[in-house]
Amino acid sequence: EEFGFKDQKNLAKSAQGITSRKKYDYYTPQECDIIYNAGENYKKYAEKLFLHEGSGQLGVKEIQKTVEEHKQHTGNTPIVIVDYLQILSPYNDRSTERQNIDKAVLELKRLSRNTPVLVVSSLNRESYKNPIIMQSFKESGSIEYSCDVLIGLQLKGVEGSNFDVDSAKQQDPRQVELKILKNRNGITGVTLDFSYHPKFNLFKELSTSVSCLK
């Protein structure tokens with residue numbers, strides 16, 4: 001069904017709104033139908049998703065092993081998404097955090113030669129209120145050097161002199177910018193604008209065109 005923006009906002013449901021059984025006592029038949037149809041659409045690709053919770057000892061070695069097992073069982077090469085780099089188990093308990101991050105990035109880089117790898121990284125604390133650059137990524141030396149593509153998200157307006165990070169975070173939706181900081185095989189220095197709806201963890205692209213940074 002087609003709904004206007006106002007209807008979509010009222011009918012939208014968070015993850016808790018979908019999984020909490022008690023809430024269904026207050027939903028309209030239309031809301032229940034929308035949730036059901038969303039579930040049916042999810043089934044179309046859910047069987048291709050394999051989630052591995054980051055509990056216990058989950059590091060690069062375990063990721064490499066899981067990828068090989070996946071190839072053996074399915075005959076397919078997966079796309080690996082790591083969320084996120086800094087909470088991977090250390091490669092060596094005697095090494096520093098920086099050394100373990102460097103080692104993890106190196107091994108993930110080797111894995112990416114035959115398997116696409118997308119890695120989420122946290123930022124340095126100060127980078128949340130300053131324009132994002134390559135050095136913004138926590139323990140960033142190996143990250144900025146080894147990656148083929150480096151993309152950063154920042155709150156819109158952060159490059160202005162009067163930017164207030166707390167006010168920007170209170171907006172709903174928040175206005176954010178995606179910046180391509182590095183790209184070995186394509187264009188760099190562009191931004192894309194998004195609106196971010198925290199309650200639904202939803203990013204909505206505001207324009208399909210890219211603008212070059214100066």
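Contact, in this talk, means heavy atoms within 4.5 Å. Keep that in mind for the packing.

First, the ground rules. This is a predicted model, so local features need pLDDT of at least 70, side-chain atom pairs count only at pLDDT 80 or more, and totals for chains, interfaces and linings use all residues. Residues are numbered from 1 along each chain as its sequence is written, and side-chain values use heavy atoms, with hydrogens and water left out.

Now the overview. The protein has seven helices and seven strands. Helices here are DSSP runs of H or I with at least four residues, strands are E runs of at least two, and both are numbered from the N terminus. The order from the N terminus is α-α-α-α-β-α-β-α-β-α-β-β-β-β. The C-alpha trace spans about 55 × 55 × 35 Å along its principal axes. Of the 214 residues, 29% are buried. Buried means under 20% relative accessible area, exposed means over 50%, and partly exposed is in between, with a 1.4 Å probe and protein chains only. Take contacts between residues at least 6 apart in sequence: 45% of them join residues at least 24 apart.

On to the cores. A nonpolar core is a set of buried Ala, Val, Leu, Ile, Met, Phe, Trp, Tyr and Cys residues joined through side-chain atoms within 4.5 Å. The largest one has 19 residues. I63, L85, L88, L108 and F137 have the most contacts inside it. Which elements give two or more residues to this core? They are helix 4 (60–74), strand 1 (80–83) and helix 5 (97–111). Helix 5 gives the largest share, five residues.

Take L85 as an example. Leave out residues up to four places away in sequence, and L85 touches I101, A104, V105, L108, V119, V120 and I143.

Next, helix 5 itself. Its buried residues are N100, I101, A104, V105, E107, L108 and L111. Seen down the helix axis, these buried residues fall within an arc of 170°, so they line one face of helix 5. That arc is taken from the directions from the helix axis to the C-beta atoms. What covers these residues? The cover includes helix 4, strand 1, strand 2 (117–120) and helix 6 (141–146). The length also checks out. The expected span is 1.5 Å times one less than the number of residues. For the 15 residues of helix 5 that gives 21 Å, and the end C-alpha atoms are 21 Å apart, which agrees.

E31 sits in helix 3 (residues 29–46). Is E31 buried or exposed? It counts as buried, because its relative accessibility is 12%. Beyond residues up to four places away in sequence, E31 touches N10, L11, K13 and Y26.

Now the strands. Two strands pair if DSSP finds at least two bridges between them. Strand 4 (174–183) and strand 5 run antiparallel, joined by six bridges. Q175 has S195 in strand 5 as its bridge partner. Six residues lie between the strands of this hairpin, and G189 takes a positive phi near 70°. Strand 5 (residues 190–197) also pairs with strand 6 (residues 202–205), again antiparallel, over four bridges. Strand 5 is mostly covered, with seven of its eight residues buried.

Most residues other than glycine have a negative phi, and most peptide bonds are trans. N201 is not a glycine, yet it has a positive phi of about 50°. N201 lies in the loop between strand 5 and strand 6. At 56% relative accessibility, N201 counts as exposed. Then the cis peptide bonds. One joins D83 and Y84, with omega about 10°. Y84 is in the loop between strand 1 and helix 5. Another joins D172 and P173, with omega about 5°. P173 lies in the loop between helix 7 (165–170) and strand 4.

Last, the cysteines. How many disulfides does the structure hold? Zero, counting a disulfide as a pair of cysteine sulfur atoms within 2.5 Å. C32 is partly exposed, at 28% relative accessible area. C147 is buried, at 16%.
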